[in-house]
Amino acid sequence: MILTALAVLLPVFFVLGLGYFAGHAKKFDADQVAGLNELVLDYAFPAMMFVATVKTPRDELLSEGSYALALLVAFVGLFLAVVLISTRLLHHSLGEATLQANLASFPSVGFFGPPIFQGLFGPSSLVSIALATTLSSVTMIPLTLVLLEIHHQRTTRGEGQRVSSLVVQSLANTLKKPMVWAPLIGVALVLAGARVPPLLDNMLMLIGSSTSGASIFLAGLIIAAYEIRLNGEVIANALVKMVAQPLLMVLLVAALKVGNPLAGEGIVICAIPTAVFAPLLAPRYRIYEVESSSTLVATALLMIVTLPIAIFACRSLG
């Protein structure tokens, strides 16, 4: 069991380290990092997710309702709980609480998911990543943006944009992202019983196969761009993301009677470090900047310990 986990994770940590040292040595400038980010998230990752989705049998796709519900509660439920605790107990502003909640509940599935899941569960598990990516993108991103805009309107005391129009705009912008609409189209084709020609699968996988190495290398580059300043709140954020969220998923898959391999896949998804979304938004709104970047780095470091434990736990479920 331990050897299996090491065989999967060591290549991931190796490439992550390469990316980190390349970023630390300034081998890539900001434009190059942005271009690599676009390659992964707008081309390679959507192509891989589309192929993985259309290869899923219709019956199997329809049977994943309880799994989707578990993911939704683990993402959005935890997000809302942290917002309440942060505003009520920690006395943060709504904007600070929103970024803290995003850090604690939004896993970086697009970067870390493909290499870990292909090595651990096999190519069929990519459907779980597609589902988690789509669910988080159409819920976490609009919810975070809406709450941040409400905070901004409160602090600037301007009339601003109506919340309803902001929700619609955020959802529309999210659905324009290839990493969201590609798996959604794949789901629609599967439910309609349409068959995708093998030639199209092969063409898309030629670019999709570059996702694993490029995404982890890019994650290392991004982590290298931030400095870490540890304090009690940053450590708490990292522990909620890397310990509490996987434990919550354990409870959810048990309560909803989600069977393996989906139960184990859901636990590992929740054990993936936080997404870079909050650290990118924090400077725009000029709030929670140090805490956001520090939490990003702290969760990546904590992954070295918590992810093998999560893998061992999900293997034990089987």
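Pockets, a cavity and a nonpolar patch

Arg154 is found in helix H7, where helices (H or I, at least four residues) and strands (E, at least two) are DSSP runs numbered from the N terminus. The structure is a predicted model, in which local features need pLDDT of at least 70 and side-chain atom pairs count only at pLDDT 80 or more, while totals for chains, interfaces and linings use all residues. Residues are numbered from 1 along each chain as its sequence is written, and side-chain values use heavy atoms, with hydrogens and water left out.

Arg154 counts as exposed because its relative accessibility is 60%; buried means under 20% relative accessible area, exposed over 50%, and partly exposed in between (1.4 Å probe, protein chains only). From Arg154 to Leu221 the C-alpha to C-alpha distance is 35 Å, and the two are 67 residues apart in sequence.

Next come the open spaces. On a 1 Å grid over the protein atoms alone, a pocket is an open set of points with protein on both sides within 12 Å along at least five of seven lines, a cavity is a set of points where a 1.4 Å probe fits but cannot get out, and lining residues have an atom within 4 Å of a point. Grid points are joined across faces, edges and corners, and a volume is the space filled by probe spheres set on the points.

The largest pocket holds about 1100 Å³ of space. It is lined by 43 residues, and Asn37, Leu41, Val276, Phe277 and Leu280 are the closest to its centre. Two or more lining residues come from each of helix H2 (30-54), helix H6 (109-120), helix H7 (126-156), helix H8 (163-175), helix H11 (211-224) and helix H14 (277-285). H2 provides the largest share of this lining, seven residues. By class, the lining of the largest pocket has 24 nonpolar, eleven polar and eight charged residues. Here Ala, Val, Leu, Ile, Met, Phe, Trp, Tyr, Cys and Pro count as nonpolar, Asp, Glu, Lys and Arg as charged, and the others, Gly among them, as polar.

The second largest pocket has about 260 Å³ of space. Among its 14 lining residues, Tyr20, Ile223, Val297, Ala300 and Leu301 lie nearest the centre. Helix H1 (2-24), H11 and H15 each give two or more residues to this lining, and H1 gives the most, with five. The lining of the second largest pocket divides into eleven nonpolar, two polar and one charged.

There is one cavity of 30 Å³ or more, and the volume of the largest cavity is about 60 Å³. Its lining consists of Ser108, Phe111, Phe112, Ala219, Ile222, Ile223, Thr274, Ala275, Val276 and Leu296. H6 and H11 are the elements that give two or more residues to it, with the largest share, three residues, coming from H11. Eight of the cavity's lining residues are nonpolar, two are polar and none is charged.

Ile228, Leu230, Ile235, Leu239, Val243, Leu247, Val250, Leu301, Ile304, Val305 and Ile309 form a nonpolar patch with about 960 Å² of accessible area together. Patches are made of residues with over 30% relative accessible area and no salt bridge, with like charges joined within 9 Å and nonpolar side chains (Val, Leu, Ile, Met, Phe, Trp, Tyr) within 5 Å. A salt bridge is a side-chain nitrogen of Lys or Arg within 4 Å of a carboxyl oxygen of Asp or Glu. Accessible areas come from the Shrake-Rupley method with a 1.4 Å probe, and for residues only the protein chains shown count as cover. Helix H12 (232-255) and helix H15 (289-317) each supply at least two patch residues, and H12 gives the most, five. Ile235 has its place in H12 and counts as partly exposed because its relative accessibility is 41%.
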